[in-house]
Each structure stands twice: as C-alpha cells, then as structure tokens.
Amino acid sequence: MSVPETILQQLGGQRFIAMTGASHFVADGNSLRMRLPKNESKANFLTITLDEGRDTYSMRFFYYKMGRISLKTGKTIPDVEREIAAYTDVYAEDLERFFTDTTHMHTYL
C-alpha cells in the first residue's frame with residue numbers, strides 16, 4: 001500500500017469520503033491532496049504529507065481560487081491562495097480530530 005493510500009485509510013477510507021464529500025484526490029509521493037466541500041473554515045483544499053524521519057504528518061488547509069481573464073476588461077485576475085490552518089507533527093490517530101476541529105465536518109456517524 002502506498003503512502004497516500006495509507007493516509008486515506010487513516011482518515012477513514014470510504015467512510016471519510018462519504019461523510020465529508022471530499023473529492024479530486026491527488027497522490028504525490030509522500031502526500032495526499034484533496035478538494036473539500038464548503039465548510040466553516042472556508043478551506044477548499046487539504047494537503048497531508050508524511051514527514052519521513054519522524055513518522056508524523058503535516059496538514060495544510062488552504063483556500064485556492066484559480067486566476068482568470070475578465071471578459072469585461074480583458075485584464076488578468078491573479079490566482080488567490082490563502083492558508084487557513086497548518087499543523088505539523090500530527091500522529092496518524094489524530095488526523096481525523098484535526099480535520100474535524102478545523103472544518104467542523106465529522107468523519108463518522
């Protein structure tokens with residue numbers, strides 16, 4: 001099992017996906033990125049990365065809106081990226097708790 005698959009299982013696997021509505025999962029080496037639905041924190045993306053030497057995780061909740069070109073003015077509107085919360089040294093058993101504390105979305109019934 002790869003690191004991103006393990007991260008998803010530690011979050012709750014299919015139960016996590018069903019309860020939160022998270023989508024667009026991207027696995028990248030030692031990290032897992034996902035898109036989040038609307039929540040109280042206003043974060044729409046979450047990246048969880050395994051810290052190699054310590055066997056802990058880093059979690060980064062952030063808001064991202066892609067830039068575009070205005071049809072009225074023709075000007076470029078730049079990307080918007082705002083960090084909502086960042087945690088380091090998170091143990092596997094605490095991933096769900098940090099997720100719920102930040103987004104106020106429960107991962108189980």
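1. Strands here are DSSP runs of E, at least two residues long, while helices are runs of H or I, at least four, and both are numbered from the N terminus. Two strands count as paired if DSSP finds at least two bridges between them. The pair forms a hairpin with two residues between the strands, and G29 in the turn has a positive phi of about 65°.

2. A word on the model before going further: it is predicted, so local features need pLDDT of at least 70 and side-chain atom pairs count only at pLDDT 80 or more, whereas totals for chains, interfaces and linings use all residues. Residues are numbered from 1 along each chain as its sequence is written, and side-chain values use heavy atoms, with hydrogens and water left out.

3. In β2, R35 stands opposite S23, and its bridge partner in β3 is F45. Strands β2 and β3 also pair in the antiparallel sense, over five bridges.

4. N30 counts as partly exposed because its relative accessibility is 25%; buried means under 20% relative accessible area, exposed over 50%, and partly exposed in between (1.4 Å probe, protein chains only). Leaving aside residues up to four places away in sequence, N30 touches V3, I7, I48, T49, L50 and E52, where contact means heavy atoms within 4.5 Å. N30 and R15 are 15 residues apart in sequence and 22 Å apart in space, C-alpha to C-alpha.

5. D51, in strand β3, is worth a look too. D51 counts as buried because its relative accessibility is 14%. Its side chain makes a polar contact with the side chain of S58 at 3.1 Å. That term covers a pair of N or O atoms within 3.5 Å; within protein, one must be able to donate a hydrogen and the other to accept it, and residues adjacent in sequence count only if both atoms are side-chain atoms. Beyond four places in sequence, D51 touches T56, Y57, S58 and D89.

6. Just after α1, G12 takes a positive phi of about 130°.

7. The largest nonpolar core has 21 residues, and those with the most contacts inside it are M34, L46, I48, M59, F61 and F99. Such a core is a set of buried Ala, Val, Leu, Ile, Met, Phe, Trp, Tyr and Cys residues joined through side-chain atoms within 4.5 Å.

8. Finally, the whole chain: three helices and seven strands, in the order α-α-β-β-β-β-β-β-β-α from the N terminus on. Buried residues make up 37% of its 109 residues.
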